[in-house]
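Please look through the sequence and the structure shown below before reading on.

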Amino acid sequence: MTGLVIKNTGSWYTVRTDDNQTVDCKIKGNFRLKGIRSTNPVAVGDIVEIVRNQEGTAFITAICDRRNYIIRKSQNLSKQSHIIAANVDQAFLIVTVNYPQTSTIFIDRFLATAEAYSVPTVLVFNKTDLLSEEESHYQDMMMKLYETIGYKCVAVSATTGYGMDAIKPLLKDKITLLSGNSGVGKSTFINYILPGANLRTSSISDAHNTGMHTTTFSEMLLLPEGGYLIDTPGIKGFGTFDIEPEELTSYFKDIFHFSKDCRFNNCTHTHEPGCAVLKAVEEHYIATSRYQSYLSMLEDKDENKYREAY
């Protein structure tokens with residue numbers, strides 16, 4: 001019997017079978033040992049095969065081939081990965097200019113990883129109702145930057161409903177991963193899209209302007225107009241996984257555009273003579289923030305700075 005993994009609580013997986021039954025499953029004991037270096041070998045969005053034993057307990061015995069997935073380094077085990085979701089049509093990265101502030105390095109790491117695993121991404125700028133005039137100006141500049149690179153950006157307030165009418169058509173008949181830092185308003189966003197979801201929300205810590213985790217597991221939520229929203233726990237850091245340094249340039253669209261004109265084919269865009277990327281950064285054709293994000297990802301092979309800062 002096959003089915004879709006719609007919920008992952010850590011030790012149990014909820015699977016919606018082809019005949020529309022909901023079955024709670026465990027992973028077969030030896031499943032984790034088959035070369036899968038992940039803290040969660042089965043992810044929400046996976047199509048899996050399940051069997052029941054004589055006692056009636058259901059077990060996941062195989063994962064069907066994934067068309068894509070989003071993956072990151074585990075928070076505490078840098079040699080292992082954590083699969084956020086599988087088989088998605090797109091990702092919505094919820095970001096906030098303030099309350100809390102989403103760093104550009106976090107945004108760029110997510111976007112580069114999404115590029116690496118063929119997941120189109122929309123940037124949703126939330127909490128616009130809380131911004132000062134100066135913060136609104138900064139948000140406009142950020143949106144212009146990412147739109148120029150080629151990413152769709154939408155400014156919303158999930159609390160007041162501002163801009164949310166533009167969101168629903170983008171979700172129709174799509175499997176959409178919802179991600180972002182803790183506290184950016186993912187639960188409020190989902191409660192607006194799905195009023196019956198009644199997800200718990202929490203306030204921002206005044207002392208540190210950071211969010212608290214309110215979602216503790218990943219879950220696929222069926223949308224009435226068709227499609228799914230995948231709700232995921234808030235991410236504090238986004239360590240990239242399994243991206244080789246020589247591949248990284250191609251996951252930054254703006255940097256890749258200029259890299260074709262570099263003197264050397266194996267240019268790392270850090271020090272080489274005749275580097276078109278360094279020239280473009282100097283002449284402001286590539287944003288300094290994007291270049292800094294690129295450099296931080298190059299360092300990931302040797303250092304784990306992402307744990308602290310991003």
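In which strand does V5 lie? V5 belongs to strand β1, which covers residues 2-8, in what is a predicted model. The relative accessibility of V5 is 0%, and because buried means under 20%, V5 counts as buried. Leaving aside residues up to four places away in sequence, V5 touches Y13, T14, V15, V42, A43, V44, G45, D46, V48 and M220. As for R16, which is eleven residues from V5 along the chain, its C-alpha atom is separated from that of V5 by 6.4 Å.

The next topic is the aromatic rings. How many aromatic pairs does a search of the whole structure find? The search finds four, and two of these pairs, each with its ring distance and plane angle, are set out in this table.

| Pair | Distance between ring centres | Angle between planes | Kind of pair |
|---|---|---|---|
| Y69 and Y117 | 4.9 Å | 35° | tilted |
| F258 and Y285 | 6.1 Å | 35° | tilted |

Why is the pair of Y69 and Y117 called tilted? The planes of the two rings stand at 35°, and since planes under 30 degrees apart count as stacked and those over 60 as edge-to-face, with the rest as tilted, the pair is tilted. This pair links distant parts of the chain, for Y69 is in strand β6 (residues 69-73), whereas Y117 is in the loop between α1 (104-116) and β9 (121-125), 48 residues apart. With 26% relative accessibility Y69 counts as partly exposed, while Y117, at 13%, counts as buried.

The planes of F258 and Y285 are likewise at 35°, so this pair is tilted. F258 lies in helix α6 (residues 253-259) and Y285 in the loop between α7 (276-282) and α8 (288-298), so the pair ties together parts that are 27 residues apart in sequence. Is Y285 buried or exposed? Y285 is exposed, its relative accessible area being 57%, whereas F258, at 21% relative accessibility, counts as partly exposed.

Aromatic residues also come together in a cluster, which is formed by F252, Y291 and Y294.

Y69, already described as partly exposed, has the charged end of R66 over its ring, at 5.7 Å from the centre. In the case of Y151, K253 lies over the face of the ring, 4.2 Å from the ring centre.

Note on methods. Residues numbered from 1 in each chain as written. Predicted model: local features only at pLDDT ≥ 70, side-chain atom pairs only at ≥ 80, totals over all residues. Heavy atoms only, no water. Phe/Tyr/Trp six-rings, centres within 6.5 Å; stacked < 30°, edge-to-face > 60°. Helix = DSSP H or I, 4+ residues; strand = E, 2+ residues; numbered from the N terminus. Buried < 20%, exposed > 50% of the residue type's maximum accessible area, 1.4 Å probe, protein only. Lys NZ or Arg CZ within 6 Å of the ring centre and 35° of its normal. Contact = heavy atoms within 4.5 Å.
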